[in-house]
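Visitor: Please bring up the model, and let us go through it by question and answer.

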Amino acid sequence: MSGFLEGTGTLTLEERRLIVDQALVLLDQNYVHLPLKTAMHAVNPVQRLRVLRRRLERQTEQTMPPEWLFHAEMSEIFHSVRDLHTNYLLPEPFTGKIAFLPFLIEQYTDAQGPHFMVTHVAEGFSAPGFAPGVEVTHWSGIPISAAVDLNAARFAGSNTPARRSRGIQSLTVRPLRIHLPPFEEWVTVSYIDESGTHHELRENWRIVENLPPMVDADAISTGALAQGVDLDADEAGRAKVLLFAPRVVAQEQAVQADEPVPELRRSEIATTMPKVFRAQQVTTSSGRFGHIRIFTFSVDDLGSFLQEFVRLVGQLPQEGLFVDVRDNGGGDIHAAEFALQVLTPRRIVPEPVQFINTPLNLRICRMHRDSSGIDLSAWVDSMEQAIETGATFSSAFPLSPEDGANAIGQQYFGPVVLITNARCYSATDIFAAGFQDHRIGPVLGTDENTGAGGANVWTHKLLTDLLEDDRATPYVPLPKGAGMRVSIRRTLRVGALSGTPVEDLGVVPDELHRMTRRDLLEDNVDLLDRAGRLLKDREPHTVSVTDAVSVNGSLKLKVRAANVDRVDVYVDQRPYASVDLTDDQADVTLPVAAAARAARIDGFAAGQLVASRTEQLP
């Protein structure tokens, strides 16, 4: 640790002033949540930056404080808004590095209250009686619950469950792109082993190069413009794969080398995206179900993501599905919203987004109202109108194209439950909100709320490049690899909660399950059993075309269904027939040309749309 820190401290006074000036531009002119955060958390980050800038004017190269104090103050100002999209990103040599201890700690709850337990230990690390299952009682002499609360107070989080969850994670894993290295060089961990013996362990912090990110958020691209990711969670997730899941790294390497995938668990399905998905069959007290973890929406190929999602759920039991997005910090908002259609017959309405009305945001939208691949024209009229009306926000328009969010339609026809926790953030918050707003199924949470991050985030580098042809651009490249990110567009919910912002409110689950000791040690056994009980009495609803024959210009379809009493038939998006089913089947003759390309069959039960399938016709 001390050797690593010897390489820091190269920012000049002018470079520090430039960083503060650029932070003022982002927070004062681009930051969409500034009014909300100022009101909800009683903070004024813009004024704090102005005060810091004034202090820097009075300093000289000889009198300026150590660089780590500058980074600490910048980080504190950005953390004050409790927005995991809006970050000060430390410069070299912090970029890409992780500070860690060789074990993970997680919380479970029983009748005696919360407990903190070691759940993973890095390969090659050992200590007397130290293994998954030991209970941690003190952290450097502080009762562990108090240590978690102190940690939680230091890190951003939109609500209490989110802050506490991050307080636990940051005990042992800290991405240095977001956080300064721990001030302490080591920690002392007091723990009780399985025999009830008390031990104490002193362990040094370590620093390692993290796995590379899956998406370049600085590039001007559709993916970068649609980013909704908690960078802290994204970095920590990759670090946990590197440190505690070597089998996932091995699977990824095998996929890239086109070799057989090693070390699959029993009932697990091989995937081409082991860092993104894990799919398996599980047996609960309520029956057999599919369980698919989506670890991240940070993908660089939207089509491959959707194709693999469809393939995996198609190989899982069709009696019911658990979609588990715990600890998913988000990624590509398109990936999150496009995935919803796979699970429901209802048409997906993507969440609309808004800019805050400022002269700078208007300049950006005007410059890119007709740009190839970057179309911000939808927001321009309302932002120009705001000059006269004084409206705080622009009009709201979907970020994800609605046609794309419904292009492939329903692919899984069993009942679905969504499993969330407080580390679900950003694009995952948007996914969870869409799941709930479209009434796809119950939401089962292991915390009282998701992380409550409802925004599209752009980096300072992306904003700089978007205005590179503007001679009056206020953006200046940052020195020595420093960076910043800002929530640029806020998201609003649809459906029954239409117009409600996701930021700071998040998604409240329909059912709450507190993680148990067995969950942490036995692969979520109690959690999945609870999810199974939610689906126990829910039936799959299916529709399909088993045969399609053209005869004398008419189209004859054989339709089969399960738990459906009526089907409506559309041919090439035109309505043609509505038929009641007998014995779960019907013959439908459509007086249309034999050149028809596709038929959509909508299935109803008691008047409610319950299944929809589009079939390509011969």
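Visitor: Is Phe 125 buried or exposed?
Guide: This is a predicted model, in which local features need pLDDT of at least 70 and side-chain atom pairs count only at pLDDT 80 or more, while totals for chains, interfaces and linings use all residues. Residues are numbered from 1 along each chain as its sequence is written, and side-chain values use heavy atoms, leaving out hydrogens and water. The relative accessibility of Phe 125 is 14%, and a residue is called buried under 20% relative accessible area, exposed over 50% and partly exposed in between (1.4 Å probe, protein chains only). Phe 125 therefore counts as buried.

Visitor: How many aromatic pairs are there, and is the pair of Phe 103 and Phe 125 stacked, edge-to-face or tilted?
Guide: Rings of Phe, Tyr and Trp (its six-membered ring) pair if their centres lie within 6.5 Å, with planes under 30 degrees apart called stacked, over 60 edge-to-face and the rest tilted. By this rule the count is 16 aromatic pairs. For Phe 103 and Phe 125, the ring centres are 6.3 Å apart and the planes stand at 35 degrees, so this pair is tilted.

Visitor: How many residues apart in sequence are the parts that this pair, Phe 103 and Phe 125, ties together?
Guide: Helices (H or I, at least four residues) and strands (E, at least two) are DSSP runs numbered from the N terminus. Phe 103 belongs to strand S3 (residues 103-110), whereas Phe 125 sits in the loop between strand S4 (113-121) and strand S5 (135-139), so the parts tied together are apart in sequence by 22 residues.

Visitor: What is the relative accessible area of Phe 103, and which residues are linked with it into a cluster by ring pairs?
Guide: Phe 103 is buried, its relative accessible area being 0%. The cluster that ring pairs build around Phe 103 has as its other members Phe 125, Phe 130, Trp 139 and Tyr 191.

Visitor: What is the relative accessible area of Phe 355, and what is the relative accessibility of Trp 458?
Guide: Phe 355 is buried, with a relative accessible area of 1%. Trp 458 also counts as buried, and its relative accessibility is 0%.

Visitor: Which strand holds His 138's opposite residue, Ser 190, and which residue of S9 stands opposite Ser 190?
Guide: Two strands pair if DSSP finds at least two bridges between them. S5 and strand S8 (residues 186-192) pair in the antiparallel sense over four bridges, and His 138 stands opposite Ser 190 in S8. S8 pairs in turn with strand S9 (residues 198-204), antiparallel over seven bridges, where the residue opposite Ser 190 is Glu 200.

Visitor: Which residue takes a positive phi in the hairpin of S8 and S9?
Guide: Five residues lie between the strands of this hairpin. The positive phi, near 90 degrees, is taken by Gly 196.

Visitor: Which strands stand at the edges of the open sheet?
Guide: The order of this three-stranded sheet is S7-S2-S10, with antiparallel pairing. Each edge strand has a single partner strand, so one side of each is left without a neighbour in the sheet, and these are S7 (173-175) and S10 (206-209).

Visitor: Which residue of S7 is the bridge partner of Ala 99?
Guide: Strand S2 (residues 97-100) and S7 pair in the antiparallel sense over three bridges. At one of these positions Ala 99 has as its partner in S7 Arg 174.

Visitor: Which helix packs on the sheet, and what angle does its direction make with that of S7?
Guide: Helix H9 (residues 231-244) packs on the sheet and touches S2, S7 and S10, where contact means heavy atoms within 4.5 Å. Axes are lines fitted to C-alpha atoms, for helices over the stretch in contact, and angles between N-to-C directions run from 0 to 180 degrees. On that basis, H9 and S7 make an angle of about 125 degrees.

Visitor: What do the buried residues of H10 pack against?
Guide: In helix H10 (residues 246-256) the buried residues are Arg 247, Val 248, Val 249, Gln 251, Glu 252 and Ala 254. Their packing partners are H9, strand S12 (268-269) and strand S13 (277-284).

Visitor: Is Ala 595 buried or exposed, and how far apart in space are Ala 595 and Arg 266?
Guide: Ala 595 is placed in the loop between strand S28 (585-590) and strand S29 (598-605), and with 63% relative accessibility it counts as exposed. Ala 595 and Arg 266 are 329 residues apart in sequence, and their C-alpha to C-alpha separation in space is 47 Å.
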